[in-house]
Amino acid sequence: MSETTAMAQGKAGAIGPGRLVLVVGPSGAGKDTLLRLAQAACADDHDIVFPRRVVTRAASADEDNIAMSPDQFGRAREHGDFAVHWDAHGHSYALPLEINDDIRAGRAVVVNVSRTVISALRQAYANVTVVAITAPPDLLARRLAARARNSDGNIAGRLARNVDDTAAQADVTIVNAGNADDHSRQLVRVIRNEGWRE
């Protein structure tokens with residue numbers, strides 16, 4: 001599997017003062033579920049933004065992305081419409097350039113990204129917090145099998161990926177094996193910069 005990243009050109013210095021909260025973790029860990037719950041909990045807080053990712057895959061009930069064809073994505077990338085982009089699992093992903101305006105305005109921007117872009121984003125933004133969401137391998141396998149999204153590719157191959165690198169780069173790790181509401185509250189505390197332990 002090929003994963004690449006590229007930052008938008010022309011950035012001078014680290015972007016701040018707002019925070020970039022990166023949510024990472026293996027497929028089936030429940031990232032989208034926890035993000036959905038956290039977004040609902042933060043709905044009245046206009047200083048917290050959950051931008052939609054751009055993906056070369058149709059949106060679904062599990063993932064509310066902005067869908068683009070590979071050609072549209074390529075044109076947008078060349079035009080400089082993305083803050084960051086990467087390839088994973090046969091698809092291209094990006095975050096819209098507008099997140100930079102939110103961060104410059106002091107907001108917290110919360111996004112689900114590939115672990116391959118963590119280092120580049122830590123360099124490009126002044127205040128980055130990485131949250132790794134994971135679950136035991138047997139639970140990941142059950143969740144992926146239940147989801148049965150054709151674009152996910154080979155489940156066994158995806159589970160075989162080593163996710164230790166993600167946890168090693170994380171500031172906070174949430175093991176999403178219990179109650180999703182409890183784990184989403186942990187995520188909200190991180191987003192609000194309140195810590196995450198009870």
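1. Buried means under 20% relative accessible area, exposed over 50%, and partly exposed in between (1.4 Å probe, protein chains only). Strands are DSSP runs of E with at least two residues, helices are runs of H or I with at least four, and both are numbered from the N terminus.

2. A word on the basis. This is a predicted model, where local features need pLDDT of at least 70 and side-chain atom pairs count only at pLDDT 80 or more, while totals for chains, interfaces and linings use all residues. Residues are numbered from 1 along each chain as its sequence is written, and side-chain values use heavy atoms, with hydrogens and water left out.

3. Now the neighbours of β9. Strand β2 (residues 19–24) pairs with β9 in the parallel sense, over 5 bridges. Two strands pair if DSSP finds at least two bridges between them. T129 of β9 is the bridge partner of V21. Strand β10 (residues 172–175) also runs parallel to β9, joined by 4 bridges. Here A132 has T173 in β10 as its bridge partner.

4. Next, the aromatic rings. The structure holds 2 aromatic pairs. Rings of Phe, Tyr and Trp (its six-membered ring) pair if their centres lie within 6.5 Å; planes under 30 degrees apart count as stacked, over 60 as edge-to-face, and the rest as tilted. F73 and F82 have ring centres 4.8 Å apart and planes at 35 degrees, so this pair is tilted. Both F73 and F82 are buried.

5. W86 and Y93 form a stacked pair, with 5.7 Å from centre to centre and 5 degrees between the planes. W86 has a relative accessible area of 1%, so W86 is buried. Y93 is buried too, at 6%.

6. Last, S114. This residue sits in the loop between β8 (108–112) and α4 (118–124). Is S114 buried or exposed? Its relative accessibility is 9%, so S114 counts as buried. The S114 side chain makes a polar contact with the side chain of T116, at 2.9 Å. A polar contact is a pair of N or O atoms within 3.5 Å; within protein, one must be able to donate a hydrogen and the other to accept it, and residues adjacent in sequence count only if both atoms are side-chain atoms. H85 is 29 residues from S114 along the chain, and their C-alpha atoms are separated by 9.5 Å.
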